[in-house]
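User: I am new to this structure and would like to understand how its features are named. Please set each value beside the rule behind it.

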Amino acid sequence: MINVITIDREYGSGAADIASRLADRLGWKLWDGLLTEEIARIMDCDCRAVEEREERRDALHYRLFKAFMRGSYEGTLNAQRVKMVDADCIREASEKVVLEAAKQGNCVIVGRGSAYYLQSNPAAFHVFVYAPLEEKVQRLRSMGRSEDEAYLLAETVDQDRAAYIKQYFEVEWPARHNYHLMINSSLGDETVVDVILDSVAFLQKVDAPR
């Protein structure tokens, strides 16, 4: 019985809205902003600090600094005094939250590596939402971004996500074999939700004992 749906996505594809509609249709819990809040709670930090760093690698200068903190005598003395909100810590917290959410079941989880953490979970259905560049730019502009900013974000955020997934899961993002369904959001949000629900229903019918 499928009781978890993960939604991975290209930036600007509208996956957050689609996930929210999907959760509403199912009456399930939505783990998106709530997931960030829970990660921040676990790490005892501000949500903004998590939002700025989740699903992306640390900058090179920070990785060098962290290596110094871990490897030098001075760093060893001071490491316990420094509360690091970095990619490693956020990844560890993300895994805990995602696994606990899946354990509770009846939830839609957006990104944060959830499709990879739950790859072996038979109760999880994995979706990847994408869109043509112009569609993504149009969505981002409707959210108040300038045209130049929208193009820049549409091109760079996914590069960061791909690098993050490569570092922590050793796969090329999006790893197509990890998803049950990949769908173009230009079909319309409600259509996408319908297709996801129909796909889940079909898979459960196929897997049902005879």
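Analyst: Helices (H or I, at least four residues) and strands (E, at least two) are DSSP runs, numbered from the N terminus. This is a predicted model, in which local features need pLDDT of at least 70 and side-chain atom pairs count only at pLDDT 80 or more, while totals for chains, interfaces and linings use all residues. Residues are numbered from 1 along each chain as its sequence is written, and side-chain values use heavy atoms, with hydrogens and water left out.

User: Which helices each supply at least two residues of the lining of the largest pocket, and what makes a residue part of a lining?

Analyst: On a 1 Å grid over the protein atoms alone, a pocket is an open set of points with protein on both sides within 12 Å along at least five of seven lines, whereas a cavity is a set where a 1.4 Å probe fits but cannot get out; lining residues have an atom within 4 Å of a point. Helix H1 (15-26), H8 and H9 each supply at least two residues of the lining of the largest pocket, and H9 gives the most, with four residues.

User: What is the volume of the largest pocket, and which residues are closest to its centre?

Analyst: Grid points are joined across faces, edges and corners, and a volume is the space filled by probe spheres set on the points; for the largest pocket this is about 670 Å³. Of the 25 residues that line the largest pocket, Arg9, Tyr11, Ala16, Met143 and Arg161 are the closest to its centre.

User: How do the residues of that lining divide by class?

Analyst: Ala, Val, Leu, Ile, Met, Phe, Trp, Tyr, Cys and Pro count as nonpolar, Asp, Glu, Lys and Arg as charged, and the others, Gly among them, as polar. By that rule the lining of the largest pocket has eight nonpolar, four polar and 13 charged residues.

User: How many cavities of 30 Å³ or more does the structure hold, and what lines the largest cavity?

Analyst: There is one cavity of 30 Å³ or more, and the largest cavity has a volume of about 80 Å³. Its lining consists of 14 residues, of which Asp8, Glu55, Arg112, Gly113 and Ile165 lie nearest the centre. Strand E1 (4-9), helix H7 (114-117) and helix H9 (147-169) each supply at least two residues of this lining.

User: Why are H8 and H9 called oblique to each other?

Analyst: Axes are lines fitted to C-alpha atoms, for helices over the stretch in contact, and angles run from 0 to 180 degrees between N-to-C directions. Helix H8 (residues 133-142) and H9 pack at an angle of about 120 degrees, with their axes 9 Å apart. Angles under 35 degrees count as roughly parallel, over 145 as roughly antiparallel, 65 to 115 as roughly perpendicular and the rest as oblique. H8 and H9 are therefore oblique to each other.

User: What makes H1 oblique to H10?

Analyst: The axes of H1 and helix H10 (residues 189-207) come within 9 Å and cross at roughly 55 degrees, which makes H1 oblique to H10. In their contact (heavy atoms within 4.5 Å), Asp17, Ile18, Arg21, Leu22, Arg25 and Leu26 in H1 meet Asp189, Glu190, Val192, Val193, Asp194, Ile196 and Leu197 in H10. Seven of these contact residues are nonpolar, none polar and six charged.
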